[in-house]
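Trainee: I would like to go through this structure with you. Could we begin with the overall fold and then turn to the ligands?

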Amino acid sequence: MFSLKGKIALITGASYGIGFAIAKAFANAGATIVFNDIKQELVDKGLTAYEAEGIKAHGYVCDVTDEDAVNALVATVEKEVGVIDILVNNAGIIKRIPMHEMSAAEFRQVIDVDLNAPFICAKAVIPSMMKKGGGKIINICSMMSELGRETVSAYAAAKGGLKMLTRNIASEYGEYNIQCNGIGPGYIATPQTAPLRELQADGSRHPFDSFIIAKTPAARWGNPEDLAGPAVFLASEASNFVNGHILYVDGGILAYIGKQP
Ligand code: NAP
Ligand code: GCO
């Protein structure tokens with residue numbers, strides 16, 4: 001039920017971090033892995049990392065915000081590997097800038113990568129999924145699909161929008177046996193969140209690090225591997241009647257009021 005044998009999965013921005021961990025889990029479940037990143041050096045680094053895990057991945061250079069480049073990538077993958085059965089919209093960026101200091105260009109850049117790109121990538125794979133008789137699209141959402149916080153207005157707007165794009169893809173293509181769901185990771189230790197975990201000059205924890213531990217019933221940051229099982233579930237037949245759902249993998253953050261004084 002959880003097997004991905006014979007399936008081809010494209011995971012965007014997956015040379016490291018959450019995307020890499022999801023791809024690794026997909027490969028262990030039997031899928032063929034395709035990933036992209038913006039620069040050749042990152043693709044090469046990713047290929048080496050997959051090889052070290054015994055995974056023969058296919059890596060391509062592609063900026064997910066560039067519609068022509070994404071269409072060309074999907075055409076190349078179809079020719080060289082096969083029709084994409086599973087798409088994970090993982091590539092993402094964040095800019096932590098107080099909103100009143102953020103330029104419109106900076107805001108647009110975040111929306112472009114975190115919301116427009118998932119639209120572009122989903123649009124590119126859906127026609128072949130419809131022809132093939134089904135497919136799985138997983139959008140990597142966030143705590144910020146539900147919650148706000150200081151400095152992340154663009155990211156929250158994009159990830160909130162991605163939640164609704166997820167529901168709309170499910171609504172529009174469910175009848176073609178396409179399931180589109182989201183994963184909303186909690187606070188996960190990756191390069192994206194490294195600045196929030198940096199040790200202070202005196203060796204103590206970053207205040208944001210302590211804040212997250214106190215906000216999380218599991219009392220720890222997540223690891224990229226914590227997302228592996230939920231991703232395999234949403235990519236496999238086990239979730240064939242799950243559509244338009246956001247699965248929060250957050251150690252309980254959204255259920256919790258915070259540590260009592
Ligand atoms: P990460 O460590 O920063 O990795 C993101 C990857 O996306 C990088 O390989 C990055 O490449 C790539 N990327 C960025 N812009 C791209 C573009 N235009 N085209 C192609 N690739 C691009 O991030 P992560 O923490 O693994 O996060 C992965 C996803 O999970 C993101 O959507 C993020 O918002 C989401 N998320 C993360 C957390 C967390 O706590 N870490 C929590 C919730 C959701 P470069 O290195 O070249 O930029
Ligand atoms: C931040 C964080 C987050 C997380 C994640 C939470 O600055 O608050 O980077 O937004 O990365 O998306 O789910």
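This is a predicted model: local features need pLDDT of at least 70, side-chain atom pairs count only at pLDDT 80 or more; totals for chains, interfaces and linings use all residues.

Trainee: In what order do the seven strands of the open sheet come?

Mentor: The order is 3-2-1-4-5-6-7, and the pairing is parallel.

Trainee: Which strands stand at the edges, and why is one side of each left without a neighbour?

Mentor: The edge strands are strand 3, residues 58-61, and strand 7, residues 246-249. Each has a single partner strand, so one side of each lacks a neighbour in the sheet.

Trainee: How many bridges join strand 4 to strand 5?

Mentor: There are four bridges between strand 4 (residues 86-89) and strand 5 (residues 135-140), and these two strands run parallel. Within this pair, Asn89 stands opposite Asn139 of strand 5.

Trainee: Which strands does helix 1 touch?

Mentor: Helix 1, residues 17-28, packs on the sheet and touches strand 1 (8-12), strand 2 (32-37), strand 4, strand 5 and strand 6 (178-185). The direction of helix 1 makes about 170 degrees with that of strand 1.

Trainee: At what angle does helix 1 cross helix 2?

Mentor: The axes cross at roughly 40 degrees and come within 11 Å, helix 2 being residues 40-52. The crossing of helix 1 past helix 2 is right-handed. Helix 1 contributes Gly19, Phe20 and Ala23 to the contact, while helix 2 contributes Gly46, Ala49 and Tyr50.

Trainee: And how far apart are the axes of helix 3 and helix 4?

Mentor: The axes of helix 3 (residues 67-80) and helix 4 (residues 104-132) are 9 Å apart, and the helices pack at an angle of about 35 degrees. Helix 3 also passes helix 4 in a right-handed crossing. Among the residues that meet there are Val70 and Val74 in helix 3 and Ile120, Ala124 and Val125 in helix 4.

Trainee: Let us move to the ligands. Which residues are closest to ligand 1?

Mentor: Of the 29 residues that surround ligand 1, the closest are Tyr16, Asn90, Tyr155, Ile188 and Thr190.

Trainee: Which polar atoms lie by the oxygen atoms of ligand 1?

Mentor: A polar side-chain atom of Tyr16 is 2.4 Å from an oxygen atom of ligand 1. For Ile188, a backbone N or O atom lies 2.8 Å from an oxygen atom of the ligand. A polar side-chain atom of Gln192 lies 3.1 Å from an oxygen atom of ligand 1. Ligand 1 exposes 890 Å² when taken alone, and the protein buries 92% of that.

Trainee: Which residues come nearest to ligand 2?

Mentor: Ligand 2 has 14 residues around it, and Arg96, Ser142, Arg149, Tyr155 and Gln192 come nearest. A polar side-chain atom of Ser142 is 2.7 Å from an oxygen atom of ligand 2. Pro185 places a polar backbone atom 2.7 Å from an oxygen atom of ligand 2, and Tyr187 has a polar side-chain atom 2.7 Å from an oxygen atom of ligand 2.

Trainee: How much of the accessible area of ligand 2 does the protein cover?

Mentor: The protein covers 97% of the 330 Å² that ligand 2 has on its own.

Key:
Residues are numbered from 1 along each chain as its sequence is written. Chains are lettered from A and ligands numbered from 1 in the order in which they are written. Side-chain values use heavy atoms; hydrogens and water are left out. Two strands pair if DSSP finds at least two bridges between them. Contact means heavy atoms within 4.5 Å. Axes are lines fitted to C-alpha atoms, for helices over the stretch in contact, and angles run from 0 to 180 degrees between N-to-C directions. A residue is near a molecule or strand if one of its heavy atoms lies within 4 Å of it. A polar contact is a pair of N or O atoms within 3.5 Å; within protein, one must be able to donate a hydrogen and the other to accept it, and residues adjacent in sequence count only if both atoms are side-chain atoms. Accessible areas come from the Shrake-Rupley method with a 1.4 Å probe; for residues, only the protein chains shown count as cover. A crossing is left-handed if the near helix is turned anticlockwise from the far one by less than a right angle, and right-handed if clockwise.
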